[in-house]
Amino acid sequence: MSYFALVPAAGSGFRMGGSLPKQYLPLAGRPLIYHALAALAAVPAIERVFVVLAPDDNEWARHDWTPLSGRIEVLRCGGETRAASVTNGLRAMRQMSVAVGPEDWLLVHDAARACLTADHVTVLIRAVGDDPVGGILAVPLADTLKQGGDATDGNARIVATIPRERLWQAQTPQMFRHGMLLGALEFAPAVTDEASAIEALGLTPKLVASDMTNFKVTYPLDLQLAELILRQREKEA
Ligand code: C5P
């Protein structure tokens with residue numbers, strides 16, 4: 001049984017604005033996706049990090065990936081949605097030089113979670129152990145959740161308060177066995193994370209406590225926050 005990582009990076013990142021896909025925006029001297037790939041590649045237990053790009057991606061080749069060479073492998077099979085990109089990647093990696101088997105562990109991680117560390121990954125791998133289902137990194141919800149009404153005029157009003165007890169914010173990596181995850185995504189393709197597909201099978205993935213530094217870079221301000229965190233780590237290293 002081996003560990004592999006899969007990073008879907010075939011999105012356009014439209015919430016960020018601009019024409020450059022989010023995964024290639026400059027961040028601490030590198031394209032954004034570099035940082036997550038480097039964190040995953042730094043975990044000795046992970047045999048290979050697969051990256052799923054859009055078939056027509058012409059940005060990847062413009063950057064220098066040599067510090068990660070031998071650790072990452074590119075699959076040009078991105079789909080219409082994140083789930084489709086992951087599903088295509090899971091299928092493609094069965095035919096690669098390092099053959100991935102159905103019992104092997106897959107850690108699926110968003111390219112946009114640039115502040116992931118090797119420690120985050122190690123905590124997840126240890127906590128999941130040989131669990132029959134798998135698990136994800138997540139953070140207990142700190143804020144009170146409000147559901148807004150129709151905001152077509154830009155002025156939403158609160159229509160409900162959702163109790164935050166036992167609510168967690170899902171992060172990535174999300175760690176499941178290759179065979180189970182592929183089966184789950186084929187059964188439930190309209191999901192926004194891997195755990196939801198596993199849940200659709202009636203299974204209950206583990207919640208493994210993480211922290212807020214592993215946030216998803218989504219809006220322009222997030223990029224500044226990620227830059228601060230990464231630069232601070234550089235200074236401390
Ligand atoms: O857009 P969002 O931040 O939710 O995307 C999460 C991850 O899924 C990103 O790494 C993005 O590149 C990836 N993605 C993908 N294929 C898509 C859409 C998103 O690989 N069609």
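**Exercise 1. Is Glu103 buried, partly exposed or exposed, and what is its relative accessible area?**

Solution. The model is predicted: local features need pLDDT of at least 70, side-chain atom pairs count only at pLDDT 80 or more, and totals for chains, interfaces and linings use all residues. Residues are numbered from 1 along each chain as its sequence is written, and side-chain values use heavy atoms, with hydrogens and water left out.

Step 1. The classes are buried (under 20% relative accessible area), exposed (over 50%) and partly exposed (in between), with a 1.4 Å probe and protein chains only.

Step 2. Glu103 has a relative accessible area of 53% and is therefore exposed.

Step 3. The side chain of Glu103 meets that of Arg177 in a salt bridge, at 3.6 Å from N to O. This pair links distant parts of the chain, 74 residues apart: Arg177 is in strand β10 (residues 168-177), and Glu103 is in the loop between α2 and β6 (105-108). Helices (H or I, at least four residues) and strands (E, at least two) are DSSP runs, numbered from the N terminus.

Step 4. Arg177, by contrast, is buried at 11%.

**Exercise 2. Determine how many salt bridges the structure holds, and characterise the pair Arg91 and Glu186.**

Solution. Step 1. Side chains of opposite charge can pair when their charged atoms come close. The criterion is a side-chain nitrogen of Lys or Arg within 4 Å of a carboxyl oxygen of Asp or Glu.

Step 1. The structure holds nine salt bridges.

Step 2. In the bridge between Arg91 and Glu186, the closest N and O atoms are 3.0 Å apart. Arg91 belongs to helix α2 (residues 82-92) and Glu186 to helix α4 (residues 178-187), so this pair ties together parts that are 95 residues apart in sequence.

Step 3. Arg91 is partly exposed at 36% relative accessible area, and Glu186 is partly exposed at 44%.

**Exercise 3. Identify which residues are linked with Asp110 in a network of salt bridges.**

Solution. Step 1. Arg113 and Asp110 form a salt bridge whose closest N and O atoms are 3.8 Å apart. Both residues are buried.

Step 1. The network links Arg82, Asp110, Arg113 and Glu194.

**Exercise 4. Describe the surroundings of the ligand and its backbone contacts.**

Solution. Step 1. The ligand is surrounded by 16 residues (a heavy atom within 4 Å). The closest are Pro8, Ala10, Lys22, Ser85 and Lys216.

Step 1. Polar backbone atoms are then examined. A ligand nitrogen atom lies 2.9 Å from such an atom of Gly79, and a nitrogen atom of the ligand is 3.2 Å from a backbone N or O atom of Glu80. For Ala111, a polar backbone atom is 3.0 Å from an oxygen atom of the ligand.

Step 2. Of the 470 Å² of accessible area that the ligand has on its own, the protein covers 85%. Accessible areas come from the Shrake-Rupley method with a 1.4 Å probe; for residues, only the protein chains shown count as cover.

Key. A polar contact is a pair of N or O atoms within 3.5 Å; within protein, one must be able to donate a hydrogen and the other to accept it, and residues adjacent in sequence count only if both atoms are side-chain atoms.
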